[in-house]
Amino acid sequence: MKRTFVLVFFVVGLLPMVAASGSSDLLTAITSGSFKSVGLSEMTPLSDGERYAQMQDNNVYAYSYKTGQLTDTLFDYAAAKGMKPAKIDGYVLSPSERYLLVYGQSERIYRHSFRANYYIYDRQRHELRALSDTMPVMQPIFSPDGKYIAFVRENNLYIHKMDFKTEVAVTRDGSIGSIINGLPDWLYEEEFACTCLYCFSPDSKQLAFVRLDETSVPSFRWIDYLSSEVHSLKYPCAGEPNARASVVVYDTYYKTLKTMTLPDQADSYIPRIRWYNNDTKLAIFRLNRDQNRLEMFVANPKSTVCTRTYLEE
């Protein structure tokens, strides 16, 4: 009786809205989206603490928190000079907020991750140029000083130098189905809600990233019965090996790569890495496969020595 009462109450409550919409078919009104809530565009806080950025159509505007009024246009699609996509899907602000990364032609990969064509917009000059001559790319991030943009293309990490408009390869061993530099595999993205596994040090001189070796991970295949296509994905079923995770630090000046010396634990995850404020230490968080043992290591990027400072079981 209680369930019936709740259902009747729900239906009766909707009747006035159905009548107002001019429809007498409740099921049609519900399934057609008549009562679907309207989503809110993503809001990005600005550095002054008093305004936020929001994208509407192909433009990016700044609004006041207090009044909700428009205060500035951060990206004007029509006024932008240079190469640009037909439609803007999103944007990323630089730390100084002089530059924006706008992107279009997005291609979904897993639940959250995607690749897209990214363009750098200079707000002072109203100029737009491609981030990379070879697109699409994934997960671009600005360095804290705004001089670099790190991104991933085909499982390899690259750094774009803003001053010289040049591109430097951080890694070269990345390959589909084998080595992933800086990005999560399907398991990491699904279980740990992460789409980016690299970050600049606060002084922008070092780039730390997680390297996943999924060579030994078996492939899982399935058929899409709508298209009759066979798909394949590296997926570790129970009892099968996970991707082997390691942490590497790249020095932007000396262009060296150093792998941090973690105590060996082959079947584990590294879902997060974070820099300390003094640029000399890197926090590495590691989980066992059962995800009931969390360790935090503090790594010295120069010596590669890692010290465990926290354990939770």
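The protein chain carries 35 positive and 36 negative side chains, and the centres of these two sets lie 4 Å apart. The model is predicted. Its secondary structure comprises three helices and 24 strands, and 14 salt bridges are counted.

**Overall dimensions and packing**

- The C-alpha trace of the protein chain spans about 70 × 55 × 45 Å along its principal axes.
- The protein chain has 313 residues, of which 42% count as buried.
- Among contacts with a separation of 6 or more, 42% are between residues 24 or more positions apart.
- The accessible surface of the protein chain is about 18,000 Å², and carbon and sulfur atoms contribute 52% of this area.

- Glutamate 167 and arginine 153 are joined by a side-chain salt bridge with an N to O distance of 2.9 Å.
- Glutamate 167 belongs to strand E13 (residues 166-169) and arginine 153 to strand E11 (residues 148-153), so the bridge ties together parts that are 14 residues apart in sequence.
- Arginine 153 is buried, at 10% relative accessible area, whereas glutamate 167 is partly exposed at 33%.

**Salt bridges towards the end of the chain**

- Arginine 293 pairs with glutamate 313 in a salt bridge whose closest N and O atoms are 2.6 Å apart.
- This pair links distant parts of the chain, 20 residues apart: arginine 293 is in the loop between strand E22 (282-288) and strand E23 (294-299), and glutamate 313 is in the segment after strand E24 (306-312).
- Arginine 293 is partly exposed, with 23% relative accessibility, while glutamate 313 is exposed at 69%.
- Shared partners join the salt bridges of Arg286, Arg293, Glu295, Arg308 and Glu313 into one network.

**Salt bridge of arginine 115**

- Arginine 115 forms a salt bridge with glutamate 107, with 3.3 Å between the closest N and O atoms.
- Both residues count as partly exposed, arginine 115 at 27% relative accessible area and glutamate 107 at 41%.

**Aspartate 264**

- Aspartate 264 is located in the loop between strand E20 (257-259) and strand E21 (268-275).
- Its relative accessible area of 68% makes aspartate 264 exposed.
- Beyond its neighbours within four places in sequence, aspartate 264 contacts Arg244 and Arg286.
- The C-alpha atom of aspartate 264 is 9.9 Å from that of serine 246, a residue 18 positions away along the chain.

**Nonpolar surface patch**

- Leu40, Met43 and Tyr65 make up a nonpolar patch on the surface, together presenting about 330 Å² of accessible area.
- Methionine 43 lies in strand E1 (residues 43-45) and is partly exposed, with a relative accessible area of 36%.

Notes
Residues are numbered from 1 along each chain as its sequence is written. This is a predicted model: local features need pLDDT of at least 70, side-chain atom pairs count only at pLDDT 80 or more; totals for chains, interfaces and linings use all residues. Side-chain values use heavy atoms; hydrogens and water are left out. Helices (H or I, at least four residues) and strands (E, at least two) are DSSP runs, numbered from the N terminus. Buried means under 20% relative accessible area, exposed over 50%, partly exposed in between (1.4 Å probe, protein chains only). Contact means heavy atoms within 4.5 Å. Accessible areas come from the Shrake-Rupley method with a 1.4 Å probe; for residues, only the protein chains shown count as cover. Lys and Arg count as positive and Asp and Glu as negative; His and the chain ends are not counted. The place of a charge is taken as NZ of Lys, CZ of Arg, CG of Asp or CD of Glu. Patches are made of residues with over 30% relative accessible area and no salt bridge: like charges are joined within 9 Å, nonpolar side chains (Val, Leu, Ile, Met, Phe, Trp, Tyr) within 5 Å. A salt bridge is a side-chain nitrogen of Lys or Arg within 4 Å of a carboxyl oxygen of Asp or Glu.
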